[in-house]
Amino acid sequence: MSDRPLNKRLTRRRLLAAVPAVGLGATALHAGVPHTHGTAVAAAGEEHAGHGPATGHAAFRGGEVDHRANGFDPHEILRDFDTGKTSRMADGRTLREWTLIASEHEIEIAPGVRFTAWSYNGRIPGPTLRATEGDRLRITFINGGRHPHTIHFHGIHPATMDGVAGSGDGDIAAGGRTVYEFDAAPYGLQLYHCHVRPLAEHIAKGLYGTLIIDPKQPRAKADEMVMVMNGFDTNFDRANELYAANTIGFAYADKPIQVKRGELVRLYLVNILEYDLINSFHLHGNFFDYIPTGTARTASEFTDTVMLCQGQRGILEMRFPNPGRFMFHAHQSEFTELGWMGFFEVSE
Amino acid sequence: MEAGTPTADVAREPAGQGIPSWVLGLVPLLLIIAAVGAFSALGGPGLGERTGPPAEELAIERTKLVPGAIELTVRNDGPDPVSVAQVVVNDAYANFRGAGSPIGRLSSETLVIDHPWNDGEAYSVSLLTSSGGTIAHEIPIAVLTPAADLGFFGLMALLGIYVGVIPIALGMLWLPWIRRIPPSWLRVVMALTVGLLAFLAIDATLEGVELAGEGSQAFGGVALVFLGAAFAYLALTGVGSWLSARRRARAAAGASGSTLALLIAVGIGLHNLGEGLAIGTAYTTGALALGAFLVVGFALHNTTEGLAIVAPIADDPPSLRRLAMLGLVAGAPAVLGAWIGASAFNTSMAAFLFGAGAGAIAQVVVQLAPTLRTPGERGLAPRVVGGLLAGLAIMFATGLLVSV
């Protein structure tokens with residue numbers, strides 16, 4: 001959050017406290033008069049009435065957002081992996097094809113709060129693309145927005161496929177299209193996002209997603225899920241008003257993620273948060289194996305907290321030995337209480 | 001025009017001679033109403049959609065801190081309805097009640113926000129609107145808002161009496177002295193009074209303008225100060241003329257000193273109402289440290305106001321009852337102001353009252369001005385000018401000690 005002209009007033013008050021008698025002058029009235037004046041200008045919206053849950057945790061008033069109207073639900077995004085349209089190429093390799101369409105549409109970002117988002121395929125984060133190391137990936141990109149956009153994939157690929165201005169087709173104008181084609185390499189947890197300037201704006205409005213490249217030798221079977229840690233600047237002051245994993249704050253707190261006791265849980269964790277330097281993930285009542293960028297088969301750390309800068313990501317593997325509710329959240333308390341918080345509910 | 005109207009009037013009105021004048025007066029009014037009605041009913045034909053997003057403006061008029069909750073009374077002073085969708089307190093979403101539906105223009109709502117606030121700490125409340133805009137409100141120091149019970153109103157009354165009634169009554173004790181001094185020195189005392197009042201008028205105007213600038217602009221902001229000043233000035237002029245005329249009719253003598261004293265008392269009363277407002281408000285928000293110093297400061301500051309009331313009636317000593325009445329008119333509004341300020345403070349109202357105080361005092365200054373001149377001479381005697389300057393200086397100096 002920003003908007004803190006607090007220092008000025010505080011200084012005044014401190015002065016008053018230091019000089020209690022003489023300082024009473026005109027200051028007392030102005031420090032004491034209980035009113036301020038604010039102006040907010042943004043896009044239109046609608047009212048959403050309701051009651052906040054009395055959970056004892058920070059929460060939105062009005063419960064859940066209208067996921068159906070938004071066109072996506074964080075609980076569905078969690079375990080939704082898109083392996084694309086597959087076909088066999090002449091050399092025997094698998095060709096995977098996807099179509100990603102950038103568009104602008106208004107979403108309910110928190111109960112009663114509307115935000116004009118930019119997204120791939122109408123959801124934030126965009127589709128979780130999944131391939132196996134060595135596959136041929138062909139992504140047709142259609143720009144249905146009103147600004148130029150691209151898709152810039154993290155990974156190893158030719159310069160012309162980089163999705164930045166000046167390489168290949170460069171910025172794709174509104175209404176235009178292009179095809180990004182490259183081999184899936186290296187295996188690990190990658191991400192993609194728009195790379196058109198102003199970069200912060202194009203990312204912050206929602207143009208990003210996850211690309212998982214599985215190793216040829218598959219990882220152990222697990223209950224897999226993906227969380228993209230993000231935030232939203234609803235008043236355009238280049239600071240986030242809302243924080244979340246998979247866009248909707250408190251979504252996994254209002255409705256915990258169901259997992260089985262003793263079962264291997266694999267979490268693909270990506271940080272795309274704009275405007276804040278770092279983000280983090282902390283798990284209650286348990287520890288996890290952490291594989292940075294997912295580019296190894298063995299964990300490099302056994303911990304309960306990881307810190308990631310923008311674009312950093314990693315795979316978390318854990319088993320819950322105890323049943324019950326276990327919280328997870330950013331260990332920036334501010335982010336936690338501004339939406340980035342949820343629960344795993346462990347059952348037998 | 002009716003029969004029997006002088007021909008000169010008929011000549012002024014060549015058209016519509018058969019129509020009663022009240023009809024002619026009514027027709028434009030009806031046309032205006034019809035035009036406005038039709039325009040609204042048709043949704044402003046030809047104007048099209050508004051350009052740009054709605055402007056969402058909320059003024060926080062009142063902050064009340066109760067155990068475990070912060071209550072904000074907000075008023076929409078923008079052109080469009082505002083929906084408060086979420087509330088953030090110190091970077092955390094908080095549960096709240098109130099404002100379940102959009103707040104319409106000029107409407108007000110009270111939000112009760114659950115937050116376990118700590119005494120003496122600062123809080124930043126941010127109202128997140130349905131369009132994602134934020135309206136920030138700072139609470140510089142959280143202090144429990146006193147419950148508006150009998151004891152509290154008693155305390156406010158005591159405070160009002162300390163700072164308003166008693167000092168003015170003490171100041172009025174200068175009356176016997178004033179009656180003995182020669183006319184040339186009485187003019188100096190009058191000059192001192194005008195100086196005091198001029199300072200109060202300027203001070204009230206500045207306070208009002210500052211207050212109006214901070215608060216809701218829905219009801220006119222700074223314009224309210226000047227509206228209040230004009231209103232009080234004209235009202236007192238009217239009342240003064242009426243009182244003088246009545247007295248002349250009764251006594252056939254220009255006993256304007258008594259009227260003037262009453263007008264000064266009313267003007268000072270309005271000013272003290274503003275002071276009381278400020279004291280009450282500051283007290284409830286914890287910004288005011290009650291203590292002997294405050295009361296002593298106010299006593300010094302306001303004692304001179306008592307002198308101002310009695311100066312014009314030196315020649316015409318009124319009854320003790322009348323003197324007491326004048327003292328109460330001038331001082332008691334401080335009590336009323338403290339009550340209002342502590343229980344139902346509204347910036348717009350306060351700005352208007354400060355303006356009214358300034359206007360009332362200005363009117364009194366205009367009334368007093370002629371008495372400063374030595375009869376038969378032009379310009380002001382040097383010691384009269386000295387008196388004016390001394391009046392300004394006294395108010396400035398005592399104002400430095402204490403003013404709220």
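The model is predicted: local features need pLDDT of at least 70 and side-chain atom pairs count only at pLDDT 80 or more, while totals for chains, interfaces and linings use all residues. Residues are numbered from 1 along each chain as its sequence is written, and chains are lettered from A and ligands numbered from 1 in the order in which they are written.

**Chain A in outline**

Chain A contains seven helices and 22 strands; helices (H or I, at least four residues) and strands (E, at least two) are DSSP runs, numbered from the N terminus. Of its 348 residues, 47% are buried. A residue is termed buried if 20 or more other C-beta atoms lie within 10 Å of its own, exposed if 12 or fewer, and partly exposed in between, with C-beta atoms placed from the backbone. Two residues are in contact if their C-beta atoms, placed from the backbone, lie within 7 Å. Among the contacts in chain A with a separation of 6 or more, 69% are between residues 24 or more positions apart.

**Strands and sheets**

Two strands pair if DSSP finds at least two bridges between them. An open sheet of five strands in chain A has the order β2-β6-β11-β10-β8, with mixed pairing. Its edges are β2 (81-82) and β8 (152-153) of chain A, each of which pairs on one side only. Within this sheet, β6(A) and β11(A) (residues 208-214) are parallel and share four bridges; Ala131(A) has Ile213(A) in β11(A) as its bridge partner.

Another strand, β12(A), is mostly covered, as eight of its 10 residues are buried. Seven bridges link β12(A) in parallel to β15(A) (residues 264-271), where Asn271(A) stands opposite Met229(A). With β13(A), by contrast, β12(A) runs antiparallel and is joined by four bridges; here Asn230(A) has Ala244(A) as its bridge partner.

Most residues other than glycine have a negative phi, and most peptide bonds are trans.

| Site | Feature | Angle |
|---|---|---|
| Ala185(A) to Pro186(A) | cis peptide bond | omega about -10° |
| Arg197(A) to Pro198(A) | cis peptide bond | omega near -5° |
| Asn121(A) | positive phi | phi near 55° |
| Phe236(A) | positive phi | phi about 60° |

Pro186(A) lies between β9 (177-183) and β10 (188-193) of chain A, and Pro198(A) lies between β10 and α5 (199-204) of chain A. Asn121(A) belongs to the loop between β5 (113-120) and β6 (128-132) of chain A; it is partly exposed because 19 C-beta neighbours lie inside 10 Å. Phe236(A) belongs to the loop between β12 (223-232) and β13 (242-245) of chain A, and it counts as partly exposed because 13 other C-beta atoms lie within 10 Å.

**Nonpolar cores**

A nonpolar core is a set of buried Ala, Val, Leu, Ile, Met, Phe, Trp, Tyr and Cys residues joined through C-beta atoms within 7 Å. The largest has 113 residues, and those with the most contacts inside it are Trp340(A), Val87(B), Ile113(B) and Val125(B). A second, separate core of 78 residues includes Val163(B), Ala204(B), Ala232(B) and Leu263(B).
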